Amino acid sequence: MHKKLELAGRVLYALAFIGFAVYHFMYAGVMAALVPSYFPAAVFLVYLVGAVFLWAAVTLLINRGVHYSLPALSALLLLFILTIHLPNVLNGNGAEPFLLKDMALLGATLFMFGASFPQPKKKAHSDEGEIR
């Protein structure tokens, strides 16, 4: 049963990032306005982010290559938190929900990345409800 839950979680997470990627490709011009002015080539960066989102989603769906894509996705999410959301929160721009969303996405991405490594052999006893 837990393997089915893991698969469902990976698929749902991947589908969300496919949606995020599509929006980045469809609305690159609009989203470029959200890129801090100290970053060059804002439209290119929006397309690059969309490509990373799509790459991570595909690797999650096929369950291959996540050791490359999930660290890249984690770095992007951390970059969003530090360069966009946190400054907006500190400036009182009401960005708290966006900060919290990307923190949750970063946490889930790091969790999946950690879970993608081979698990050590279990002891003779196991605590119920323990995250592996």
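Helix α3 passes helix α4 in a left-handed crossing, a term used when the near helix is turned anticlockwise from the far one by less than a right angle, with clockwise giving right-handed. The model is a predicted one, in which local features need pLDDT of at least 70 and side-chain atom pairs count only at pLDDT 80 or more, while totals for chains, interfaces and linings use all residues. Residues are numbered from 1 along each chain as its sequence is written, and side-chain values use heavy atoms, with hydrogens and water left out. Helices are DSSP runs of H or I with at least four residues, numbered from the N terminus.

α3 packs against α4 (residues 66-90) at an angle of about 140°, and their axes are 9 Å apart. The axes are lines fitted to C-alpha atoms over the stretch in contact, and angles run from 0 to 180 degrees between N-to-C directions. The two helices α3 and α4 are therefore oblique to each other. Oblique is what remains once angles under 35 degrees are called roughly parallel, over 145 roughly antiparallel and 65 to 115 roughly perpendicular. On the α3 side the contact is made by Val49, Val52, Phe53, Trp55, Ala56, Thr59 and Leu60, and on the α4 side by Val66, Tyr68, Ser69, Leu70, Ala72, Leu73, Leu76 and Phe80. Contact here means heavy atoms within 4.5 Å. By class, the contact of α3 with α4 has 13 nonpolar, two polar and no charged residues. Ala, Val, Leu, Ile, Met, Phe, Trp, Tyr, Cys and Pro count as nonpolar, Asp, Glu, Lys and Arg as charged, and the others, Gly among them, as polar.

Helix α1 (residues 2-26) meets helix α5 (residues 96-115), their axes coming within 12 Å and crossing at roughly 130°. That angle makes α1 oblique to α5. The crossing of α1 and α5 is left-handed. Arg10, Tyr13, Phe17 and Phe20 of α1 touch Leu105, Ala108, Thr109 and Met112 of α5. This contact of α1 with α5 has six nonpolar, one polar and one charged residues.

Next come the aromatic rings. Rings of Phe, Tyr and Trp (its six-membered ring) pair if their centres lie within 6.5 Å; planes under 30 degrees apart are stacked, over 60 edge-to-face and the rest tilted. By this rule the count comes to nine aromatic pairs. Phe17 and Phe53 form an edge-to-face pair, 5.1 Å centre to centre with 70° between the planes. Phe17 lies in helix α1 and Phe53 in helix α3 (residues 42-62), so the pair ties together parts that are 36 residues apart in sequence. Phe17 is buried, at a relative accessible area of 1%, and Phe53 is buried at 3%. Buried means under 20% relative accessible area, exposed over 50% and partly exposed in between, with a 1.4 Å probe and protein chains only.

Phe25 and Tyr47 form a stacked pair, 6.3 Å centre to centre with 20° between the planes. Phe25 lies in helix α1 and Tyr47 in helix α3, so this pair ties together parts 22 residues apart in sequence. Phe25 is partly exposed at 32%, and Tyr47 is partly exposed at 38%. Ring pairs also link Tyr13, Phe17, Phe20, Phe53 and Phe80 into a cluster.

Ala14 lies in helix α1 and is buried, with a relative accessible area of 0%. Apart from its neighbours within four places in sequence, Ala14 is in contact with Ala57, Leu60 and Leu61. Ala14 and Leu60 are 46 residues apart in sequence and 6.1 Å apart in space, C-alpha to C-alpha.
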